[in-house]
Every structure is written in structure tokens, then in C-alpha cells.
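Student: I have a structure open and I'd like to learn how to read it. Could we go through some features together?

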Amino acid sequence: MAEGNYSYILRCADDTLYCGWTNDLSHRVAAHNAGKGAKYTRARLPAELVYWESFGSKEAAMRREYELKQLTRQQKLKLIEAWQMPATDLPADEISAAAGNKEGSGMTETKHHILIKDDFDLEKIRLSGQCFRVKELSDGWYRFITGEEVLYIRKEGDAPGCYAVSCTEQAWEQTWKPYFDFPRSYTAIRRRIKKAGIGAALPEEALTFADRAVKSGRGLRILRQDPWEMMITFILSQRKSIPAIMTAVEALCRSFGRPLAEGLYAFPSPEALYQASPEALSACGLGYRAPYVRDAARRVYTGEIDPAELSGLSDEALYEALLAGYGVGKKVASCIMLFGYGRLAMVPVDVWIERAIRDGFLGQDYFPFYGKDAGVLQQYIFYYETHGEARA
């Protein structure tokens with residue numbers, strides 16, 4: 001979308017609306033926010049792109065710009081609120097199986113576009129080691145599954161923050177926005193992380209390491225995943241590579257989960273895993289972790305623990321409750337808290353984070369200085385160590 005003809009609307013820092021046209025949308029928005037755009041926006045930064053249309057000619061885009069400028073503020077706001085761009089085809093190899101199938105799949109033939117104004121990078125989220133059911137498909141599409149909902153999503157062109165999604169607007173608001181941890185501002189978190197490190201007077205080398213990790217991982221978000229699914233997923237993650245974890249999780253879903261679409265299954269219920277035979281669980285590649293998984297299923301199914309009720313506990317109490325589970329150690333409990341309960345102060349420590357503490361933080365555990373944002377920093381560092389510039 002770098003080349004073309006566009007009319008657009010920006011929302012300025014003082015909540016006023018600016019209308020313009022351009023033949024390079026992403027470059028023009030960046031120019032506005034660099035103070036090199038219109039005189040009007042220069043004094044009202046930052047400005048956010050909230051609406052745009054594409055045209056076949058410069059003249060058509062300019063005519064539409066004029067029309068937009070003639071609208072009242074209320075008319076512009078209604079236009080922005082109702083904005084939907086032209087539908088985009090979903091992955092050809094999945095749309096026929098997924099669209100209009102079993103109730104609860106979250107998949108429909110309706111495809112619309114959304115604007116995401118905060119940090120959001122689908123590939124970095126896929127590689128972050130927190131979610132083992134996300135799949136990269138063809139043509140830039142990614143598939144996410146939570147509960148019995150399925151989402152297909154991809155970045156659209158070069159327009160900042162523009163994504164095509166397969167779900168209805170209601171499903172996006174009720175299921176997927178919370179799942180992706182919106183409206184929490186990760187832009188603000190990145191700023192707090194930098195400020196916290198400086199405020200704690202950490203060594204310059206440690207500050208530089210944290211800055212590089214944050215820059216590398218920008219776009220990551222802590223997904224708000226189902227606590228029950230996180231319990232089982234991270235119990236079976238012990239001493240497994242990410243591909244092996246993904247294989248085991250999918251085997252469990254195929255064997256014991258409710259069908260959602262052709263080839264897609266929900267995560268198994270506690271009852272399904274509790275009633276599964278040891279042999280059936282082992283066949284999913286769980287190895288020595290099979291008894292751990294079955295015990296967790298027993299505790300939840302019999303009501304010994306309730307994952308939903310655990311959310312009301314303090315960090316300390318929740319941590320102790322999770323450690324009481326068979327086969328649950330400190331790292332597993334921390335992962336469940338961070339990725340299942342949104343406890344962003346938790347820092348799971350694996351070999352990558354151990355190395356980061358040793359080399360990047362000069363042998364000192366500086367995570368406590370980052371307070372409630374420490375878990376987000378952990379994700380930035382994990383990505384930096386496993387896929388970012390640190391691997392170069």
C-alpha cells in the first residue's frame with residue numbers, strides 16, 4: 001500500500017480530526033508525526049490514522065478529501081465508527097472448511113478490517129513461546145484458537161495498524177480484543193521499562209541490553225489465554241522444544257478436544273483428560289508428563305481447584321496454589337500466572353533467561369526493579385535471545 005491514491009482522516013492529540021490525501025499513506029502518516037506534515041497537525045501531535053479510502057487516481061482521492069472536509073464532526077465520527085474496508089479472501093486452503101461450520105467456531109464468511117493503534121506483531125507473537133496453537137498460513141494469514149473460537153488475521157499492506165480479520169465485530173470486541181490484551185498500552189509499558197531501569201541506576205551495560213531487547217521485541221503482547229489450557233500446556237512443556245510442545249498440544253486436541261472445523265479442535269476439557277487412559281495420554285507424546293497432566297485434570301474436574309476462582313488470589317497465594325500441583329515447578333507456575341492470569345510481574349526463568357541474566361544483566365537478576373512490567377520485559381528478552389539481534 002506504499003503506492004496509490006488515498007484520502008484519510010487523522011485524529012490529533014487534541015481530539016480534532018484532520019482530513020487529507022496522499023499517494024503514499026504510511027509515509028504521509030509518518031511525516032505528520034515527525035512534524036513534517038501539515039501545519040495543522042504539527043501543533044497537535046501525535047496524530048493517529050483512523051480512516052482511509054483508496055482510489056484509482058489522484059483526482060478521485062482529492063475529490064473525496066474535499067467531501068470529507070465538508071462533513072460535520074459528528075458525521076466524520078459516524079463514518080469512522082462504521083468504517084469497513086473491502087473484504088479480503090481468507091486462506092483458500094481453510095476457508096471452505098472453516099466458514100459457516102459448526103456453531104461456536106468463531107469463523108464466518110464475514111471479513112472486515114480493524115485498526116490497531118498499539119504494538120502488535122503477529123510473527124513475533126507466534127515466536128514468543130507463550131502460545132502453542134497459533135499457526136502461520138499462506139499469504140500472510142495467521143490462525144489463532146481460543147476456547148471454541150477461531151480467528152484468521154493478517155496485516156494489510158503498508159497502512160499503519162490495518163488488519164483483516166475473519167470474525168464478526170462482536171466476536172472481536174468480546175473475545176479477541178481481550179485475548180490480545182487490548183486496550184492495555186504496550187507503548188506505555190516500553191516507556192515505563194526504560195524509565196524503571198534508569199531510575200534504579202542499573203549499570204549502563206544492563207540498560208543497553210534491556211533497551212536492545214525491548215526494541216527487538218516491540219510488537220509482542222502478553223496474550224490472555226485460558227488458565228486451564230495454560231496449566232496443561234506448560235506442565236507438558238517441561239524439557240521440550242517449542243515444536244515438540246506444539247505437536248503434543250495438537251495431539252491432545254485431536255484426541256480429546258471438541259471438533260470445531262475440519263482438522264480443527266478445541267482444547268480438551270478437564271473431564272476429557274481425566275477420563276483418558278494413561279496409554280491414550282502417552283500416545284500424544286507426553287512422556288513422563290502424562291501423570292502430571294492427568295492429576296491436574298483430576299484436581300480441576302473434581303473441584304479440588306477452580307481455575308476461575310484462582311484468579312481472585314494474590315500473586316503470592318496463586319503462586320503457592322499452582323506449586324501444589326503434581327509436577328508443577330517454579331517456572332511452570334510462573335508461566336501459568338503470566339500467560340493464563342495476566343500477572344505481568346511474573347518472570348519465568350528458563351535457559352534463555354538464565355543466559356540473559358548472566359550475560360546481559362552481568363550476573364545480577366534485575367527483573368524485580370521492573371515491577372509490574374517485569375514479565376513483559378522477560379518476553380522481550382526471550383524473543384531477543386531466541387530470534388532477535390542477539391542471535392545474529
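**Reading the features one by one**

Tutor: Pro183 sits in the loop between helix H7 (169-179) and helix H8 (186-199). Keep in mind that this is a predicted model.

Student: What kind of peptide bond joins Phe182 and Pro183?

Tutor: Start with the general idea: most peptide bonds are trans. Here the bond between Phe182 and Pro183 is cis, with omega about 10°. Leu45 to Pro46 is also a cis bond, with omega near 5°. You'll find Pro46 in the loop between H2 and strand E3 (48-55).

Student: Where does Asp373 lie, and what does its side chain contact?

Tutor: Asp373 is in the loop between helix H18 (351-360) and H19. The cut-off for buried is under 20%, so Asp373, with a relative accessible area of 5%, is buried. Its side chain makes a polar contact with the side chain of Arg192 at 2.8 Å. Beyond its sequence neighbours up to four places away, Asp373 touches Ile189, Arg192, Ile193 and Leu344.

Student: Which residues does Lys36 touch?

Tutor: Lys36, in the loop between helix H1 (25-33) and helix H2 (39-42), touches Arg28 and Ala31, leaving out residues up to four places away in sequence. Lys36 is exposed, since its relative accessible area is 67%. For a sense of scale, its C-alpha atom is separated by 61 Å from that of Glu304, 268 residues apart along the chain.

Student: Now the inside. What should I look for in a core?

Tutor: In soluble globular proteins, nonpolar side chains tend to be buried together. In this model the largest nonpolar core has 93 residues, and Phe144, Ile153, Trp172, Phe180, Phe361 and Tyr370 touch the most other members. Helix H19 (residues 374-386) gives the most to this core, with eight residues. Apart from it there is another core, of twelve residues, including Tyr6 and Leu25.

Student: Which residues are around Ile153?

Tutor: Setting aside residues up to four places away in sequence, Ile153 touches several, among them Phe120, Leu122, Phe144, Tyr163 and Trp172.

Student: How do I read two helices packing, say H10 and H17?

Tutor: Check the angle and the distance. Helix H10 (residues 227-235) and helix H17 (residues 330-340) pack at about 150°, with axes 9 Å apart, and the crossing is right-handed. From H10, Pro227, Met230, Met231, Phe234 and Ile235 meet Val332, Cys335, Ile336, Phe339 and Gly340 in H17. That contact has nine nonpolar residues, one polar and no charged.

Student: How many residues of H10 are buried?

Tutor: Nine of its nine. Those buried residues pack against several helices, including H11 (242-256), H14 (290-301) and H17.

Technical notes:
Residues numbered from 1 in each chain as written. Predicted model: local features only at pLDDT ≥ 70, side-chain atom pairs only at ≥ 80, totals over all residues. Heavy atoms only, no water. Core = buried A, V, L, I, M, F, W, Y, C linked by side-chain atoms within 4.5 Å. Buried < 20%, exposed > 50% of the residue type's maximum accessible area, 1.4 Å probe, protein only. Helix = DSSP H or I, 4+ residues; strand = E, 2+ residues; numbered from the N terminus. Contact = heavy atoms within 4.5 Å. Axes fitted to C-alpha atoms, helices over the stretch in contact; angles between N-to-C directions. Left-handed = near helix turned anticlockwise from the far one by under 90°. Nonpolar A, V, L, I, M, F, W, Y, C, P; charged D, E, K, R; others polar. Polar contact = N/O pair within 3.5 Å; in protein donor to acceptor, adjacent residues only side chain to side chain.
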